[in-house]
Amino acid sequence: MASAAVLNALDSLRQGRFVLVYDADGREEETDIVIASEHITPEAVRILRKDAGGLICTTADTRIQSALGLPFLSDLFQGMAEHYPVMQKLTPNDIPYDVKSAFGITINHRKTFTGITDDDRALTIKEFSELARRALTSEDGWAKTEFGRNFRAPGHVHLLNTSNRILETRFGHTELATALVIMAGLVPSATVCEMMGDDGKALSKERASEYARAHGCVFLEGTEVIGAWKERSG
């Protein structure tokens, strides 16, 4: 059985509430505020922007990546090297805590204006989540057409692609958050934002835990998510 904290977190995500997830000592050592993408609202974006303060990103599991044709940004950069040789040198291969960046493309929904406002980002994320839901049960090719028709790139919502086997080779917030929404039975996309401190560094685990208690949020260690995911997969 998953821990009580994980079960509470899954219930919170189903209700559209935030969950805080700390990755691990010796890794990024950061806490992300996590919400299921299908439950995003302008108010939620505002909280991520003001209370977390890092980069607001939206994850996509491998099924969404396949259905929509989503690339990794590092792969795009490598493909540009023939025409822009500097991109070969810029492609990250020395990340101190990981083997590959999860960054994908950036998008705006075509109904947005600048794309950066709370309303605009919430619209983009909500519509992306809804398209992902439909894409997972649609005929091949339909979703890619709809994606191109309704979204543009670049934009102001950063997509993060999970690794091929979630929480087997990479253990970042992209995988941790996506594993949680999958276990909650939701669209396999989470929206996340790193919590920053006023000292110019990531908010400490202790301070993040205090925030969780003060705001009635579940605080999880990455190991708890990994353990629940392995039980589910096993």
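Trainee: Which side chains meet in a salt bridge with an N to O distance of 3.4 Å?

Mentor: Those of R133 and E130. Keep in mind that we're looking at a predicted model.

Trainee: Where do R133 and E130 sit relative to each other?

Mentor: Both are in helix 6, and because they're 3 residues apart, about one helical turn separates them. R133 is partly exposed, at 39% relative accessibility, and E130 is partly exposed too, at 36%.

Trainee: How many salt bridges are there?

Mentor: The count comes to 16. Take K205, which pairs with D25, their closest N and O atoms 3.5 Å apart. K205 belongs to helix 9 and D25 to the loop between strand 1 and strand 2, so this pair ties together parts 180 residues apart in sequence. Exposed means over 50% relative accessible area, so D25, at 57%, counts as exposed.

Trainee: What describes two packed helices?

Mentor: The angle between their axes and the distance between the axes. Here, helix 2 and helix 6 pack at about 110°, with axes 8 Å apart. That makes the two roughly perpendicular, and the crossing is right-handed.

Trainee: Which residues make the contact?

Mentor: P42, V45, R46 and R49 from helix 2, and D118, D119, R121 and A122 from helix 6. They divide into 3 nonpolar, no polar and 5 charged residues.

Technical notes: Residues are numbered from 1 along each chain as its sequence is written. This is a predicted model: local features need pLDDT of at least 70, side-chain atom pairs count only at pLDDT 80 or more; totals for chains, interfaces and linings use all residues. Side-chain values use heavy atoms; hydrogens and water are left out. Axes are lines fitted to C-alpha atoms, for helices over the stretch in contact, and angles run from 0 to 180 degrees between N-to-C directions. Helices (H or I, at least four residues) and strands (E, at least two) are DSSP runs, numbered from the N terminus. Angles under 35 degrees count as roughly parallel, over 145 as roughly antiparallel, 65 to 115 as roughly perpendicular and the rest as oblique. A crossing is left-handed if the near helix is turned anticlockwise from the far one by less than a right angle, and right-handed if clockwise. Contact means heavy atoms within 4.5 Å. Ala, Val, Leu, Ile, Met, Phe, Trp, Tyr, Cys and Pro count as nonpolar, Asp, Glu, Lys and Arg as charged, and the others, Gly among them, as polar. A salt bridge is a side-chain nitrogen of Lys or Arg within 4 Å of a carboxyl oxygen of Asp or Glu. Buried means under 20% relative accessible area, exposed over 50%, partly exposed in between (1.4 Å probe, protein chains only).
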